[in-house]
Amino acid sequence: MNFRTEISVPRAPFEISHGDGIVMLGSCFTDEVGALLDRDGFMVTHNPMGPLYNPESVLRCLRDAVMGRRRDDYVIGPDAKVHCLSYATRFTADDEYALDSRVDEALDPFADFLYEQATTLIVTLGSAYVYYRADTGAAVGNCHKFPASFFKRERLSVDRTADAIGEILSIIPETITKVIFTVSPIRHTADGLHANQLSKATLLLAIDSIDDPRVTYFPAYETLLDDLRDYRFYAADMKHPSDVAVEYIYELFSNTYFNSDTKAEAQRERRLWLSARHRPNVT
């Protein structure tokens, strides 16, 4: 008897190798998979501006890197510091000059990598809910612990989500010929389980509507929710996948996008990584 609905993902129409420059943007799940790619010797940059959960914030990040950054997302907070609301809370400083330096130190190398090395873009969308500034209507990537009254919250429609994805695809450099979209399996329980499902469904429908030969979809969400359908595959918070689940999803990813030579090289790099940390070898 088979007690699992095991996910079977066909080989992708393109392959990823150690010669590819990989850009990864999106939810915190992006960082977990990105860390494994880095461990296995891939040339990867993941979430240089911090986690970005909604498609409009991912678009903003790429637009800043590709077209030049605007400073319309700076605001003085209740702590009297200047905050860049497009990105993670670490992008906060005592004044605009210091904040410029902090943002540029992260964004400039990302832009260089995007144009000089990137061939592959992986976007993991976490939520269709977006927080907008109540005063300007601008989308924010992180609320920086500002009062709730500073924002209004809205769930994007499928069409608006698809529009954001389409614009992402229109502005990335021509050297990026391989694009992978996926939906984060992390549950946003603060939204309520029903609202979380509506949000994930919106992302799934929008991605499915994209007709672009560069784009593939990888089922990270379905793997955790349907294949690993058990709380033993979740972390203690019952929202994030456990380390075992992340490794399982990464193995499925490698079977989808790596050829045998790339897998062998990844194993060699992993053994070196483990040896450097004086940990037992694995195969």
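Predicted model: local features only at pLDDT ≥ 70, side-chain atom pairs only at ≥ 80, totals over all residues.
Local features are reported for pLDDT of at least 70 and side-chain atom pairs only at pLDDT 80 or more, while totals for chains, interfaces and linings use all residues. Residues are numbered from 1 along each chain as its sequence is written, and side-chain values use heavy atoms, with hydrogens and water left out. Helices (H or I, at least four residues) and strands (E, at least two) are DSSP runs numbered from the N terminus.

An open sheet is formed by five strands in the order β2-β1-β6-β10-β11, with parallel pairing; two strands are taken to pair if DSSP finds at least two bridges between them. From one strand to the next, the twist averages 20 degrees. Strand β1 (residues 21–26) pairs with β2 in the parallel sense over four bridges. Within this pairing, V23 stands opposite T45 in β2, and M43 in β2 is the bridge partner of G21.

Six of the six residues of β1 are buried, so the strand is largely enclosed by the rest of the structure. Here buried denotes under 20% relative accessible area, exposed over 50%, and partly exposed the range in between (1.4 Å probe, protein chains only). In a regular strand the side chains alternate between the two faces of the sheet. In β1, G21, V23 and L25 point one way, whereas I22, M24 and G26 point the other way, and all are buried.

Helix α1 (residues 28–39) comprises twelve residues and reaches 17 Å from its first C-alpha to its last, close to the 16 Å expected at 1.5 Å a residue; the expected span is 1.5 Å times one less than the number of residues. Its buried residues are F29, T30, V33, G34, L36, L37 and R39. The elements covering these residues include β1, β2, β6 (118–125), α6 (220–227), α7 (243–257) and α8. Just after α1, G41 adopts a positive phi of about 85 degrees.

Helix α5 (residues 193–208) has 16 residues and spans 22 Å from its first C-alpha to its last, close to the 22 Å expected. The buried residues of α5 are A195, N196, S199, K200, T202, L203, A206 and I207. Viewed down the axis of α5, these buried residues fall within an arc of 150 degrees, so they line one face of the helix; the arc is that of the directions from the helix axis to the C-beta atoms. The face turned away from the buried side of α5 carries the exposed residues L193, H194, L205 and D208.

The axes of helix α2 (residues 55–67) and helix α3 (residues 96–116) come within 9 Å and cross at roughly 80 degrees. Axes are lines fitted to C-alpha atoms, for helices over the stretch in contact, and angles run from 0 to 180 degrees between N-to-C directions. The two helices α2 and α3 are therefore roughly perpendicular to each other, a class that covers 65 to 115 degrees, with angles under 35 degrees roughly parallel, over 145 roughly antiparallel and the rest oblique. C61, L62, D64, A65 and V66 in α2 meet L107, F110, A111, L114 and Y115 in α3, contact being defined as heavy atoms within 4.5 Å.

T262 is located in helix α8 (residues 260–276) and is buried, with a relative accessible area of 6%. Not counting residues up to four places away in sequence, T262 touches I16, S17, H18 and F42. S149 lies in the loop between β8 (139–140) and β9 (151–155) and counts as exposed at 65% relative accessibility.
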